[in-house]
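The sequence and the structure come first.

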Amino acid sequence: MTPLSYLSGFGAKAYPVTALTWGLLIISILVVVIVTALVFFGVLVRRAPRDATVRAVAVQRSGEGLGWLGFGVGVSTIVLVISAIWTMEVLAKINAPPSGAMPLAIEITGQQWWWKARYLNGDPSKILTTADEFHIPVGRPVRIQLIGADVIHSFWVPALTGKTETIPGQTNVTWLEADKPGRYRGQCTEYCGQQHAHMAFFVIAEPPSDFQRWLDAQLKPAATPSSPVLVNDQNIFVQRCGECHTVRGSMAGGSVAPDLTHLMSRETLAADTLPNTPGALAGWIADPQAQKPGTNMPDLYLSGPELTAVTTYLRTLQ
Ligand code: HEC
Ligand SMILES: [Cu+2]
């Protein structure tokens, strides 16, 4: 299966949609095949003799074909009504999860060109902010509250849920559920500017105990630097990067860019533009505009030692 295939689904919300997709696809193919066959039949099968005198005679309509017209219209109407009822039934079914209960809610903000996630909780100390890779527990419906920070984006995880737009000034609510562990790719699907194609994300479904472990680890602040050199590295990070990025537990508290507190727990960088490897990380920090032209992270013209310092520091953020 390709990462963005919508022909197979993996959860309570996706199953009815996938069945409908296949059903409508098969009906459409059958319609094309049957109509094409009838057209060929009509063109190739002649009933009148091939003789010049007969051809010169004016066409006469006996009216006996009318029954076929009625038959054709009748069959099409029945098929269309069935398709419409089936579609409405699926729309009603996926409107809310079967149980209705959604204990886990994530607020996701679409922005040029990455996704910010806040795991909501009645206790403010348990609200987690992260970016681009969202973990969820398997087998539990998750409420997704979508907001837009700048232009209109659209949230789409083909294997789990259809498209819902993120619109500035409005909260759109959708939900999803995965019934198998996996890394499901999502993508912004409303053209939103230069790096629209590099606005991907992942929904990572894992067994509830693994999810809880992930959540607890993410909620912790970053490890305090363990050596004077690292303290210095952290200071450089705070000065050069802290106005935009947050690392909880440090003085870096910017909110316009991804929270980097546990950067090393992510597999990709900059909304799946790069793999999260030491080389790609250094390359990104040295020249983000070359990696993702137009991105809202400016080139910072770090000196060699500064680049080494911030990269070394970020690599301690497990
Ligand atoms: C003017 C604001 C700004 C400054 C200053 C800034 N960044 Fe960024 N950074 C961003 C934005 C915005 C993104 C998201 C870019 C995207 O995906 O398009 C980003 C993304 C990143 C990412 C990828 C994060 C992820 O979750 O994939 C890393 C790593 C990063 N920045 C490191 C740094 C470092 C290190 C510095 C300091 C040398 C720095 N940034 C300075 C705005 C900034
Ligand atoms: Cu977008």
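## Basis of the description

Helices are DSSP runs of H or I with at least four residues, strands are runs of E with at least two, and both are numbered from the N terminus. The model is predicted, so local features need pLDDT of at least 70 and side-chain atom pairs count only at pLDDT 80 or more, while totals for chains, interfaces and linings use all residues. Residues are numbered from 1 along each chain as its sequence is written, chains are lettered from A and ligands numbered from 1 in the order in which they are written, and side-chain values use heavy atoms, with hydrogens and water left out.

## Helix 8

Thr308 is placed in helix 8. Its relative accessible area of 49% makes Thr308 partly exposed; the scale is buried under 20%, exposed over 50% and partly exposed in between, with a 1.4 Å probe and protein chains only. A polar atom of the Thr308 side chain lies 3.0 Å from the backbone oxygen of Gly304. Polar contacts here are pairs of N or O atoms within 3.5 Å; within protein, one must be able to donate a hydrogen and the other to accept it, and residues adjacent in sequence count only if both atoms are side-chain atoms. Thr308 and Thr21 are 287 residues apart along the chain, with 51 Å between their C-alpha atoms.

## The copper site

Four protein donors surround the copper ion (ligand 2): His153 through ND1, Cys188 through SG, Cys192 through SG and Met199 through SD, at 2.1 to 2.6 Å. Donors are N, O and S atoms within 2.8 Å of the metal (3.2 Å for Na, K and Ca); water is not among the atoms, so sites may look incomplete. Along the chain the donors have the spacing H-x34-C-x3-C-x6-M. The arrangement is tetrahedral because the 4 donor atoms subtend angles of 90 to 125 degrees. Four donors count as tetrahedral if all angles lie between 85 and 135 degrees; four count as square planar and six as octahedral if opposite donors are over 155 degrees apart and all others between 65 and 115, and anything else is irregular.

Cys188 and Cys192 are both buried. Tyr191, by contrast, is exposed at 63% relative accessibility. Tyr191 is in the loop between strand 9 (182–188) and strand 10 (200–206).

## Ligand 1 and its iron atom

The shell around ligand 1 has 24 residues, of which Cys241, Cys244, His245, Ala270 and Met297 come nearest; a residue is near if one of its heavy atoms lies within 4 Å. Helix 5 (228–241) and helix 6 (278–286) each supply at least two residues of this shell, and helix 6 gives the most, with 3. Polar side-chain atoms of Lys292 and Thr295 each lie 2.9 Å from an oxygen atom of ligand 1.

The iron atom of ligand 1 is coordinated by His245 (NE2) and Met297 (SD) at 1.9 to 2.1 Å. His245 lies in the loop between helix 5 and strand 11 (268–269) and Met297 in the loop between helix 7 (288–291) and helix 8 (304–314), so the pair ties together parts 52 residues apart in sequence.

Asp259 lies in the loop between helix 5 and strand 11 and is buried, with a relative accessible area of 8%. The C-alpha atoms of Asp259 and Thr246 are 5.0 Å apart, although 13 residues separate the two along the chain.

## Backbone exceptions

Most residues other than glycine have a negative phi, and most peptide bonds are trans. The bond joining Gln112 and Trp113 is cis, with omega about -10 degrees; Trp113 lies in the loop between strand 1 (104–111) and strand 2 (114–119).

Ala271 has a positive phi, near 60 degrees, in the loop between strand 11 and strand 12 (274–275). Tyr301 also has a positive phi, near 45 degrees, and is placed in the loop between helix 7 and helix 8. Ala271 is buried at 1% relative accessibility, whereas Tyr301 is exposed at 71%.
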